Amino acid sequence: MSPVRKKRFYMVLLLLTGVSIATFLIIQAFSQNMMFFFSTTEVKQGKAPADRDFRLGGLVVNHSVQRESGSLKVHFELTDSQTPVKVEYSGILPDLFREGQGIIAKGRLNDQGVFVAKEVLAKHDENYMPPEVADSINKAQLASSEPVQP
Amino acid sequence: MQEFFAMGGYGSYVWSAFGISFLIILINLVQPALQHRQAIRDADDFHHQEK
Amino acid sequence: MNIIAKWYYRLGAPNWFYPLTGKMLPWIAVIFLALLIPGLYMGLFTAPADYQQGDSFRIMYVHVPAAWMSMFIYFAMAVAAVVALVWRVRMAEIMIISSAPIGASFALIALITGSLWGKPMWGAWWVWDARLTSELILLFIYLGIFALYNAIENKQTAGRAMSILTLVGVVNLPIIHYSVVWWNTLHQAATVSKFDTPSIHIDMLIPLLLMAAAFQFLYLWILLLKMRANLLEQDLHCGWVKKIIWDRRKAHNGGN
């Protein structure tokens with residue numbers, strides 16, 4: 001490379017490094033705000049804001065879903081597999097809402113520590129497979145995790 | 001066939017996703033073709049006068 | 001810098017580029033269709049429905065390739081921006097300005113199809129999570145690059161300003177890719193591009209890869225169309241355009 005081009009090349013490198021460092025610092029500063037939701041453990045630790053709405057994310061605990069008859073009200077628990085949090089919501093749930101599914105609810109805690117949700121979104125994972133394959137994986141997991149009943 | 005277009009109840013979402021994508025891609029193919037045709041015409045005019 | 005070499009760069013390339021790409025175009029279109037048709041057929045017909053998302057997951061076959069392309073095109077533009085800034089190659093600037101609207105289109109497709117996928121599955125058309133927001137910023141950067149180049153009258157200055165803006169914007173690429181890892185997002189994590197076997201069944205993966213390859217050729221196709229049109233437009237008065245016009249006339253008159 002000729003000296004002129006070399007100089008231009010270093011200018012380009014300098015520009016890129018400068019912008020990268022600036023971006024890194026901005027991201028560091030805003031990192032907490034860029035979290036779309038809080039985990040249930042974070043909420044129990046009091047990291048979520050108390051005076052305004054926030055989002056709570058976790059898996060729906062198996063057998064925790066209870067629907068009130070005659071209304072759209074539903075109670076369930078969310079967990080990050082360490083700390084469960086009770087949630088109540090009244091409204092239409094997304095198609096993917098089911099036990100064991102990742103859910104993000106928006107709302108705030110009431111005085112009893114129950115999360116009152118105004119909006120419920122379902123988070124799906126990165127796995128894609130046909131139902132038959134999912135079934136056989138489930139069966140295989142059940143067989144290996146549960147000892148044979150006497 | 002009916003079943004295919006229904007997409008298990010998600011037909012409206014799936015087909016509008018594919019339809020809108022097709023439309024945007026079509027615009028991307030047609031626009032440069034028109035721009036090219038116009039540029040050829042302009043160049044033709046210019047170099048005709050110049051001769 | 002040697003003046004002769006400089007003018008060689010400025011004028012030498014188009015008269016070689018234009019006819020060559022003219023011959024390549026039909027082949028690129030054929031390869032695109034040869035990948036697209038089986039990709040669409042397998043994606044819409046033969047791929048099994050997902051165990052959780054049913055048939056709605058088929059939106060993936062435009063959403064994912066479009067999102068990948070929106071990032072690939074930006075990366076290609078950033079490489080061209082380094083070439084344009086260091087070596088002052090004008091063809092690299094033409095490549096950037098021709099790519100910007102294509103990249104914007106793919107980003108838009110990714111956002112719209114994502115929205116149409118998000119509504120039935122998540123329960124929301126749009127959320128301000130890190131992945132969606134950073135992809136939206138990518139769209140705005142594309143539009144900014146396009147607007148900047150067209151706002152500056154002197155194309156040499158415009159090309160340099162645009163190249164710098166392209167390089168500045170490249171920091172958004174790792175942010176988009178790692179957004180699902182660095183932050184809690186509603187958007188899923190990576191299915192295919194991770195250092196592990198893809199978490200997708202092979203019958204669903206093959207059409208996805210076909211569509212992704214098809215979109216690469218689609219980009220190449222539109223890019224060459226756009227570059228040729230932009231080159232002709234800018235070099236209207238140049239000798240190489242005159243030669244093309246004369247050749248066209250000769251062919252036309254000979255044909256009659």
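**Entry 1: ground rules**

This is a predicted model, so I note the limits: local features need pLDDT of at least 70, side-chain atom pairs count only at pLDDT 80 or more, and totals for chains, interfaces and linings use all residues. Residues are numbered from 1 along each chain as its sequence is written, while chains are lettered from A and ligands numbered from 1 in the order in which they are written.

The average for chain A is 85, and 96% of the residues score at least 70. The lowest confidence in chain A sits in helix α3 (residues 131-145), with a mean of 81. The highest is in strand β5 (residues 84-90), at 93. For my own reference, helices (H or I, at least four residues) and strands (E, at least two) are DSSP runs, numbered from the N terminus.

**Entry 2: strands in chain A**

Back to the strands, where I call two of them paired if DSSP finds at least two bridges between them. I found β6 (residues 102-109) of chain A pairing with β7 (residues 115-123) in the antiparallel sense, over eight bridges. The hairpin of β6(A) and β7(A) has five residues between the strands, and A:G113 takes a positive phi near 80 degrees there. β6(A) also pairs with β2(A), again antiparallel, over six bridges. On that side I picked out A:R55, whose bridge partner in β6(A) is A:K106.

**Entry 3: one residue, A:Q45**

I clicked on A:Q45, which is in the loop between α2 (40-44) and β2 (54-60) of chain A. Is A:Q45 buried or exposed? A residue counts as buried if 20 or more other C-beta atoms lie within 10 Å of its own, exposed if 12 or fewer, and partly exposed in between, with C-beta atoms placed from the backbone. A:Q45 is exposed because it has 11 other C-beta atoms within 10 Å. I also looked at A:T83, which is 38 residues from A:Q45 along the chain; their C-alpha atoms are separated by 9.9 Å.

**Entry 4: domains of chain A**

Chain A is divided into domain 1 (1-34) and domain 2 (38-123); such bounds come from an automatic or database domain assignment. Taken over C-alpha atoms, the centres of the two domains are 41 Å apart.

**Entry 5: chain C on its own**

I counted nine helices and zero strands in chain C. Its C-alpha trace spans about 60 × 45 × 30 Å along the principal axes. Of the 256 residues in chain C, 44% are buried.

Among contacts with a separation of 6 or more, 78% join residues 24 or more positions apart.

I also opened the UniProt record, an unreviewed entry. UniProt positions are given in the numbering used here, feature names are shortened, and annotations may be inferred rather than shown by experiment. I checked two of these spans:

- Residues 94-116 of chain C are 100% helix and 0% strand, with end C-alpha atoms 34 Å apart.
- Residues 204-224 of chain C are 100% helix and 0% strand, with end C-alpha atoms 31 Å apart.

The unreviewed entry also lists "domain: Cytochrome c assembly protein" for residues 33-187 of chain C. I find that span to be 79% helix and 0% strand, its end C-alpha atoms lying 31 Å apart.

**Entry 6: who touches whom**

Which chains have the most contacts between them? Of the two pairs of chains that touch, it is A and C. That contact takes 36 residues from chain C and 33 residues from chain A. On chain C's side, the largest share is four residues, from α3(C). By class, that side has 25 nonpolar, nine polar and two charged residues.

Then I turned to chain B: 31 residues of chain C are in contact with 25 residues of chain B. Here α4(C) gives the largest share of chain C's side, 10 residues. That side has 19 nonpolar, five polar and seven charged residues.

Lastly, I found no contact joining chain A and chain B, whose closest C-alpha atoms lie 11 Å apart.

Technical notes: pLDDT is the predictor's confidence in each residue, from 0 to 100. Two residues are in contact if their C-beta atoms, placed from the backbone, lie within 7 Å. Ala, Val, Leu, Ile, Met, Phe, Trp, Tyr, Cys and Pro count as nonpolar, Asp, Glu, Lys and Arg as charged, and the others, Gly among them, as polar.
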